[in-house]
Amino acid sequence: MDNGVSAGSTASTSTLGNIALGLTLLAFGIGHTGVVNGVSAANSVSLAMYVGGAALFLLGLLEYRGGNGFNGTAFAGLGVFWFTWAKGAGASVSDQAAGTFLVLFAMLALTLTLAAASGVFGQGVYALLTLSLLLLAVASFADSGGLAKAGGWVAAVSGLLAWYGATAALAHWPMALGKAGRGAVAAS
């Protein structure tokens, strides 16, 4: 594979990984909010399994191969989360088991938040994901539809942030406010 792009090119795999994460979070979040009539979180199972699960896991392995341990951990770990969530959706598990599952992956998201070196976008995506998973966990423990909707909104915003970050990287849009010439917005 000698066409100028290595199999582990972190620029392309991280952008695709953030798009996959963003779209999955957006679908998952919108499903929990109930804002679209007849659309529930269960409707995002296929997207979560294949885009959020299988694709993110594969992209995580490519990131590891390319030498990017952070994105490798983030994408592979979240790929496992999405695939497991999708496989378990609709299964008869207790609310406590579902809540515990969400808390465990909130811990991964918190680790990613604290380790993200990509500034406000990276930290923001993972911080919002952490908050979303914690809200959904508490909603599961307490059987609270209101908290589940709040968790869905937070997940949707996290998804939009991940999508914007990836799209901005491709389109060379601004990603951070800086002091580049007379108050202009500088891309990071």
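The model is a predicted one, in which local features need pLDDT of at least 70 and side-chain atom pairs count only at pLDDT 80 or more, while totals for chains, interfaces and linings use all residues. Residues are numbered from 1 along each chain as its sequence is written, and side-chain values use heavy atoms, with hydrogens and water left out.

Take α2 and α3 to begin with. Helix α2 covers residues 45-65 and helix α3 residues 69-88; helices here are DSSP runs (H or I, at least four residues), numbered from the N terminus. Their axes lie 7 Å apart, at an angle of about 155°, with axes being lines fitted to C-alpha atoms over the stretch in contact and angles running from 0 to 180 degrees between N-to-C directions. The two helices are therefore roughly antiparallel (over 145 degrees; under 35 would be roughly parallel). The crossing of α2 and α3 is left-handed, that is, the near helix is turned anticlockwise from the far one by less than a right angle. Their contact brings together 16 nonpolar, eight polar and two charged residues (Ala, Val, Leu, Ile, Met, Phe, Trp, Tyr, Cys and Pro count as nonpolar, Asp, Glu, Lys and Arg as charged, the others, Gly among them, as polar).

Four of its residues, the largest share, come from α2, while V80 sits in α3.

Further along, helix α4 (residues 95-115) packs against helix α5 (residues 119-142) at about 165°, with axes 8 Å apart. That makes this pair roughly antiparallel. The contact of α4 with α5 has 16 nonpolar, seven polar and one charged residue.

Finally, the axes of α3 and α5 come within 14 Å and cross at roughly 25°, so these two run roughly parallel. α3 passes α5 in a left-handed crossing.

How values were computed: Angles under 35 degrees count as roughly parallel, over 145 as roughly antiparallel, 65 to 115 as roughly perpendicular and the rest as oblique.
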